[in-house]
Amino acid sequence: MNRIAVAREMGSPLHHQIYLVLADGISTGRYPEGEPLPTEEQLTRMFSVSRITVRRAMASLHDAGLIERGAGRRTIVRPQIGQPMRMPVSSVIENIVSYGAETVAEVLEFGYVEARGFARDRLWDADENPVQRAVRVRSQDGTPVMHLTSYVPAALGRTFTRDDLNSIPMFQLLGRAGAHICGAEQLVSAVLAEPLVASRLGVKVGAALIDLRSLMIDQKGRAVEYVEMLAVPEHLKLRFTVHPETLKSPSRPTPAPKRKR
């Protein structure tokens with residue numbers, strides 16, 4: 001288990017710093033809803049603090065409605081509020097193509113894992129089979145601008161290699177495998193940079209990042225990729241298109257109007 005340093009000299013109470021890190025992990029899905037958090041003993045080792053400090057942080061999480069006691073007195077993550085935006089495919093593809101044309105990808109991690117949380121529940125063929133997990137950093141003019149973690153069903157992931165992903169955008173590799181992206185659900189929020197991501201993006205720990213999560217749907221209606229993108233705000237622009245028929249539909253969340261971030 002990786003150790004996470006808390007700053008004793010910054011004036012903010014240690015238990016509050018731990019609360020912020022754990023709350024951020026819950027909001028971004030690193031700790032999936034319905035699954036247990038690390039134990040108090042594990043957290044004391046992770047943050048190199050006393051058990052009393054950890055208990056105060058856990059009390060704050062409980063008061064905020066983020067956790068509850070589960071079976072065996074394990075602390076369980078409660079379901080979080082938040083609805084995805086259903087984006088017109090033209091907007092999704094426009095952004096993907098723009099990222100691929102303006103940035104260069106480097107694959108840092110590549111392998112097959114058991115699907116958990118949202119990926120297990122929503123990805124096609126992921127409830128009983130492993131998924132390909134790949135971690136990439138995209139850079140523009142030598143400057144890291146986004147950190148991507150993607151999950152793809154093994155049946156599709158095994159059609160390409162790590163080297164392929166280093167040189168070909170994911171949506172093209174999926175299309176080559178017969179899964180053509182036709183739609184997506186996206187959720188945009190903000191998170192704090194944890195130590196590993198901060199080091200890869202060249203920002204300070206705790207720096208604000210844009211968190212863009214996308215579930216890609218193919219022509220057969222299958223969820224074929226789930227990707228978590230963390231981006232440095234000053235380097236990311238999102239372009240959303242609103243169609244008239246989207247505005248008229250009362251049952252669908254309406255994406256934000258054209259904007260830049």
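1. The protein chain contains ten helices and nine strands, and the coordinates come from a predicted model. Of the 261 residues in the chain, 45% are buried. Among contacts in the chain with a separation of 6 or more, 62% are between residues 24 or more positions apart.

2. Helix H2, residues 40–47, packs with helix H3, residues 51–63, at an angle of about 110°, and their axes are 9 Å apart. Since angles of 65 to 115 degrees count as roughly perpendicular, H2 and H3 are therefore described as roughly perpendicular to each other. On the H2 side the contact is made by Glu40, Glu41, Leu43 and Thr44, and on the H3 side by Arg51, Val54, Arg55 and Met58. Sorted by class, this contact of H2 with H3 comprises three nonpolar residues, one polar residue and four charged residues.

3. The buried residues of H2 are Leu43, Thr44, Met46 and Phe47. Because they span an arc of only 165° around the axis, they lie on the same side of H2. These buried residues of H2 pack against H3 and also against helix H1, residues 14–27.

4. Ser48 follows H2 and is found in the loop between H2 and H3. Its backbone deserves a look, because most residues other than glycine have a negative phi. Ser48, although it is not a glycine, has a positive phi of about 55°. With a relative accessibility of 41%, Ser48 counts as partly exposed.

5. A second residue with a positive phi is Asp125, whose value is near 65° although it, too, is a residue other than glycine. Asp125 is found in the loop between helix H5, residues 117–122, and strand E5, residues 131–140. Its relative accessibility is 31%, so Asp125 counts as partly exposed.

6. What surrounds Ser150, leaving aside its neighbours within four places in sequence? Ser150 lies in strand E6, residues 143–153, and counts as buried because its relative accessibility is 0%. With those sequence neighbours left aside, Ser150 is in contact with Gln132, Arg133, Ala134, Arg136, Met170, Glu225, Tyr226 and Val227. For one of these residues, Arg136, there is also a polar contact of 3.4 Å that joins its side chain to the side chain of Ser150.

7. Strand E9, residues 223–231, holds Ala231. Ala231 has a relative accessible area of 0% and is therefore buried. Although Ala231 and Pro144 are 87 residues apart along the chain, their C-alpha atoms are separated by 8.9 Å.

8. The C-alpha atoms of Lys220 and Ile181 are separated by 9.4 Å, and the two residues are 39 residues apart along the chain.

Terms used:
Residues numbered from 1 in each chain as written. Predicted model: local features only at pLDDT ≥ 70, side-chain atom pairs only at ≥ 80, totals over all residues. Heavy atoms only, no water. Axes fitted to C-alpha atoms, helices over the stretch in contact; angles between N-to-C directions. Helix = DSSP H or I, 4+ residues; strand = E, 2+ residues; numbered from the N terminus. Parallel < 35°, antiparallel > 145°, perpendicular 65-115°, else oblique. Contact = heavy atoms within 4.5 Å. Nonpolar A, V, L, I, M, F, W, Y, C, P; charged D, E, K, R; others polar. Buried < 20%, exposed > 50% of the residue type's maximum accessible area, 1.4 Å probe, protein only. Polar contact = N/O pair within 3.5 Å; in protein donor to acceptor, adjacent residues only side chain to side chain. Arc of directions from axis to C-beta.
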